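Please read this note with the structure open beside you. The points are numbered so that each can be checked in turn.

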Amino acid sequence: MLAASLPSPGSLTLVRRPLPILGPRDVLLRVEATTLCGTDLRIVTGQKTHGVTPGVILGHEIAARVWKLGVDLRPGIDAPAPGTQVGLAPEIACGHCVPCTAGRSNVCANMALFGTGVDGGLADVIRVPERALACITPSAREIAPPLLALAEPLSCCLRARTRLPITSTSRVLILGTGPIGLIHCALAAAAGASVMACGRPARLDPALALGASTVTASQGDELVATVREWSGGAGADVVIIAVGDPGLVPIAAQCTAIGGYISCFAGFPAGTLAQIDPNLIHYRELTISGSANATLEDYAAAVATLSTGALDLSPLITHEFPLTQVDAALDAVRSRAGLKVAVRPGRNKPTER
Ligand SMILES: [Zn+2]
Ligand SMILES: [Zn+2]
């Protein structure tokens, strides 16, 4: 089979590999689409090495179809029957560490991830070992594979949402209009909230298309003034930081209404610090929360949200490449040529929307 593997940091290589061996309690999936994100790029360029197994097959946003079940597995009982369209949650949690037993398997102390520690979705076939069978999540309805692959980033956004009270009367400010910021726009808009998105000028139209009612490219004090004006002086009820710029943390605090919530959703570069006036938190009674990865429940909710059409994220998929052109796919991510880039194992021609 064809696979994009990482023999060492900074060197993604397209290789021919034998098909994975199917153990008696394993499942083989045929990959139909794997979308790429900034994390993949950081792994390929060597900026991220923690938890990356040398020679691993990259790709963690995976839509697939069940191909073969190990001889000890009963179709439809232990795993979905062959032919079923499925998403694959990348988080393989241990189930017994302190975070896992406290219901936070998304930050498992012994986490293994498809596409980082375990072979991922940039291949024709992926092996799901027995300990990860629960990661296989059937789609209730057939949907476009690149759309189903978005269940992974959506699951992370849903995870953050469990601690953010967003209702139809909320004013929500999204800082950052990359794919993650845009998914947060769509989610908040679907809840009926009034959404302002702040990001680079080229991404403001997509933010409007995905549900933002107001967009701005302003920064710093100008952004604070813009948000105050938009909210009649009160500030936003919820501010989601969806880009890893620590300078946005104090800005977010200034943009937040009394009693409001701030989500540090993005990861920030290691070693960076944010300076924040603690009296803003104190006198304005702010709540600051973080969020990382997703639980299997979040992932199942994401697959259900996409497969029922409750949320339409299809405007996010702007590029599709066959696996043979994985380099071009990564270039499209690197140059921010589009929004989400999907790699389609088994396809031959690239398409652009
Ligand atoms: Zn990702
Ligand atoms: Zn654990």
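1. Domain bounds come from an automatic or database domain assignment. For this chain the assignment gives domain 1 (2–152 + 294–352) and domain 2 (164–290). The model is predicted: local features need pLDDT of at least 70, side-chain atom pairs count only at pLDDT 80 or more, and totals for chains, interfaces and linings use all residues. Residues are numbered from 1 along each chain as its sequence is written, chains are lettered from A and ligands numbered from 1 in the order in which they are written, and side-chain values use heavy atoms, with hydrogens and water left out.

2. How far apart do the C-alpha centres of domain 1 and domain 2 lie? The distance is 29 Å. Across the boundary, nine residues of domain 1 are in contact with 10 residues of domain 2, where contact means heavy atoms within 4.5 Å.

3. Donors are N, O and S atoms within 2.8 Å of the metal (3.2 Å for Na, K and Ca); water is not among the atoms, so sites may look incomplete. C37 lies in the loop between β3 (27–35) and α1 (38–44), and H60 in the loop between β4 (56–57) and β5 (61–69), so the pair ties together parts that are 23 residues apart in sequence. Helices (H or I, at least four residues) and strands (E, at least two) are DSSP runs, numbered from the N terminus. C37 and H60 are both buried. Buried means under 20% relative accessible area, exposed over 50%, and partly exposed in between (1.4 Å probe, protein chains only).

4. Which residues hold the zinc ion (ligand 2)? Its protein donors are C94 (SG), C97 (SG), C100 (SG) and C108 (SG), at 2.3 to 2.4 Å. Their spacing in sequence is C-x2-C-x2-C-x7-C. The arrangement is tetrahedral because the four donor atoms subtend angles of 102 to 120°. Four donors count as tetrahedral if all angles lie between 85 and 135 degrees. Of these cysteines, C100 and C108 are buried.

5. S105 sits in the loop between α2 (98–101) and β8 (112–113). Its relative accessibility is 18%, so S105 counts as buried. Neighbours within four places in sequence aside, S105 is in contact with A93, P99, C100, M111, T295 and L296.

6. Neighbours within four places in sequence aside, V128 is in contact with D26, V27, L29, L88, F114, L133 and I136.

7. Is helix α8 (residues 248–255) largely enclosed or largely open? Six of its eight residues are buried, so α8 is largely enclosed by the rest of the structure. The buried ones are L248, V249, I251, A252, A253 and C255. Their cover includes β11 (171–175), α7 (220–230), β14 (236–241), β15 (256–264) and α9 (278–283).

8. The salt bridges come to 10. A salt bridge is a side-chain nitrogen of Lys or Arg within 4 Å of a carboxyl oxygen of Asp or Glu. R65 pairs with E32, their closest N and O atoms being 2.7 Å apart. This pair links distant parts of the chain, with R65 in strand β5 and E32 in strand β3, 33 residues apart. R65 is partly exposed at 22% relative accessible area, whereas E32 counts as buried at 19%.

9. R334 and D331 also form a salt bridge (2.4 Å, N to O). Both lie in helix α11 (residues 326–334), three residues apart, about one turn of the helix. R334 is partly exposed at 42% relative accessibility, and D331 is partly exposed at 41%. Salt bridges that share partners join E32, R65 and E142 into one network.

Notes: Four donors count as tetrahedral if all angles lie between 85 and 135 degrees; four count as square planar and six as octahedral if opposite donors are over 155 degrees apart and all others between 65 and 115; anything else is irregular.
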